[in-house]
Amino acid sequence: MRYLPIHFDTRDAKILVVGGGPAAEAKLRTLLKTDANIVVVDTDIGPEVARWATQGKLVWEQRDFDTSDLDGASLVYAATENDDVNAVIAEAAAARQIPVNAADQRDACRFITPALVDRTPVIVSIGTEGTSPALARALKADLEMRLPPETGAFALKTKTLRDHVKGLMPDLADRQRFWAKILGGKDLSAQLRVSPETLEKQVELNLAGEDETAGKVLLVGAGPGNPDMLTTAARRALHAADVIVYDRLVSDGVLELGRREAEYIYVGKTPGEPSIGQPAINEILVEKALEGLSVVRLKSGDPLIFGRADEEIDALSAHNIPVEIIPGITSAAAAAAAINSSLTTRGTNRAISFLTGHDAKGFAEQDWASLARPNGRAAVYMGVGASRFIQGRLMLHGAEPDRPVTVVENASRSNQIITYTTLRNLPDDIATAGIKGPAILLIGYAERETFSEKRLAV
Ligand code: SAH
């Protein structure tokens with residue numbers, strides 16, 4: 001190990017950055033998070049650095065570097081855009097024994113800066129001693145995924161609980177065993193995400209010798225099907241789940257992100273076929289959570305849009321089972337993205353309605369008069385079978401037969417199909433297109449001439 005990783009206390013320290021261009025800006029982004037007094041010396045600085053100077057986050061000396069700038073500096077960054085100048089600064093700092101980092105000149109550096117995963121107060125620094133910046137970046141990306149944003153809060157809470165545990169367990173080895181148990185479960189990242197209250201409860205239960213943790217249910221949005229469109233929170237939840245209860249429209253690519261050992265329960269409802277009822281789904285969720293398992297209830301798109309989430313939340317709440325909701329990209333958003341169209345357009349529509357083509361009674365009635373107005377725009381879910389009904393109702397209320405309608409089938413998936421039509425031709429064009437997959441009808445949305453490349457799941 002040629003480079004020693006240390007965490008340097010920046011309180012009351014002067015850090016000198018020579019340069020105010022892009023190289024300096026990159027260093028400053030990290031330095032500004034510290035408590036150091038930062039001095040930037042350069043005749044000219046970029047707009048970001050200037051903004052920081054105006055905000056008082058650093059002091060800008062508007063002139064060329066002078067060796068007297070090194071006075072009192074604990075660290076020096078030679079980060080001008082000129083290698084020769086940087087070399088001169090590095091030499092001057094080295095002559096005074098002040099640790100220096102020179103941009104892009106490893107041999108002139110007394111210290112180098114690692115890649116960071118910042119969950120203050122938890123900081124992970126990654127260095128490869130310059131051998132592989134690409135590997136450092138990959139490791140950073142991997143750790144960014146695994147360490148949830150709550151990691152810092154978790155560490156802070158642990159700090160306050162430590163004294164409490166110390167009072168009850170005077171023996172250090174006992175305490176170490178205790179904390180290893182709290183943190184040593186099968187999924188560290190899930191544990192890091194627990195709320196401070198839950199952590200406190202876990203500690204109390206453990207101290208009382210009862211360490212069964214209650215199960216919980218996460219209602220997770222699986223998005224429109226392309227796994228790229230999942231949130232990081234959804235990925236984490238899938239990774240940590242003991243049980244995954246999923247709908248018909250959840251894609252295989254998304255399901256594959258769960259653990260192989262997890263239990264997978266299909267509860268899809270196929271339109272027009274006998275399928276599992278909502279009470280039975282609620283029962284599965286309650287039962288699994290009461291067994292102490294971590295349950296992910298995976299719904300296509302966003303779980304709170306046409307997903308009967310309330311019924312599940314109520315059933316779980318009746319049993320005091322904690323529920324957490326992780327939003328997802330709803331299919332209307334994915335459909336709009338597929339056609340490069342804004343859902344709301346300045347000067348055209350001030351609102352957009354999310355409609356369902358079907359409800360418990362059959363074809364769903366809507367406020368047709370308002371939808372039929374020239375600027376009425378809507379995204380219709382479950383609307384393929386109801387297209388003739390929707391067309392009839394809208395025209396009856398005076399909608400223009402030439403009103404554009406765009407149908408996006410399998411939005412975001414590799415088999416995405418877009419059909420541009422009009423209200424007049426909607427049912428016939430749907431029939432001709434032979435739509436079998438899930439589709440959104442975008443009423444009032446026409447084809448746009450744009451140049452785009454789509455990000456579709458392969
Ligand atoms: N909660 C989901 C909607 C569930 S209702 C969401 O927020 O998207 C089921 C309807 O969603 C389908 O009938 C279809 O209209 C729509 N849908 C789901 N996935 C889709 C996709 N990939 N492309 C187009 N529409 C989709």
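**View 1. Aromatic cluster of Phe306, Phe354 and Tyr381 in the predicted model.** Ring pairs join these three residues into a cluster. Across the structure, the count comes to 7 aromatic pairs. In one of them, the ring centres of Phe306 and Tyr381 are 5.1 Å apart and the planes stand at 65°, over the 60 degrees required, so the pair is edge-to-face. The partners are 75 residues apart: Phe306 sits in the loop between strand E11 (294-299) and helix H12 (309-318), and Tyr381 in strand E16 (residues 378-381). Phe306 is partly exposed, at 39% relative accessibility, whereas Tyr381 is buried, at 7%.

**View 2. Aromatic pair of Trp368 and Phe389.** The geometry is edge-to-face, with 5.9 Å centre to centre and 80° between the planes. Trp368 belongs to helix H14 (residues 368-372) and Phe389 to helix H15, so the pair ties together parts 21 residues apart in sequence. Both Trp368 and Phe389 are buried.

**View 3. Buried face of helix H16 (residues 426-433).** Leu426, Pro427 and Ile430 are the buried residues of H16. Seen down the helix axis they fall within an arc of 95°, so they line one face. The buried residues of H16 pack against helix H15 (387-396) and strands E17 (404-409), E18 (417-422) and E19 (439-443). Just after H16, Gly434 takes a positive phi of about 60°.

**View 4. Packing of helix H4 (residues 133-146) with helix H9 (residues 232-240).** The axes are 10 Å apart and meet at an angle of about 75°, which makes H4 roughly perpendicular to H9. Glu144, Met145 and Arg146 of H4 make the contact with Thr232, Arg235 and Arg236 of H9. These contact residues divide into 1 nonpolar, 1 polar and 4 charged.

Methods. Residues are numbered from 1 along each chain as its sequence is written. This is a predicted model: local features need pLDDT of at least 70, side-chain atom pairs count only at pLDDT 80 or more; totals for chains, interfaces and linings use all residues. Side-chain values use heavy atoms; hydrogens and water are left out. Buried means under 20% relative accessible area, exposed over 50%, partly exposed in between (1.4 Å probe, protein chains only). Helices (H or I, at least four residues) and strands (E, at least two) are DSSP runs, numbered from the N terminus. The arc is that of the directions from the helix axis to the C-beta atoms. Contact means heavy atoms within 4.5 Å. Axes are lines fitted to C-alpha atoms, for helices over the stretch in contact, and angles run from 0 to 180 degrees between N-to-C directions. Angles under 35 degrees count as roughly parallel, over 145 as roughly antiparallel, 65 to 115 as roughly perpendicular and the rest as oblique. Ala, Val, Leu, Ile, Met, Phe, Trp, Tyr, Cys and Pro count as nonpolar, Asp, Glu, Lys and Arg as charged, and the others, Gly among them, as polar. Rings of Phe, Tyr and Trp (its six-membered ring) pair if their centres lie within 6.5 Å; planes under 30 degrees apart count as stacked, over 60 as edge-to-face and the rest as tilted.
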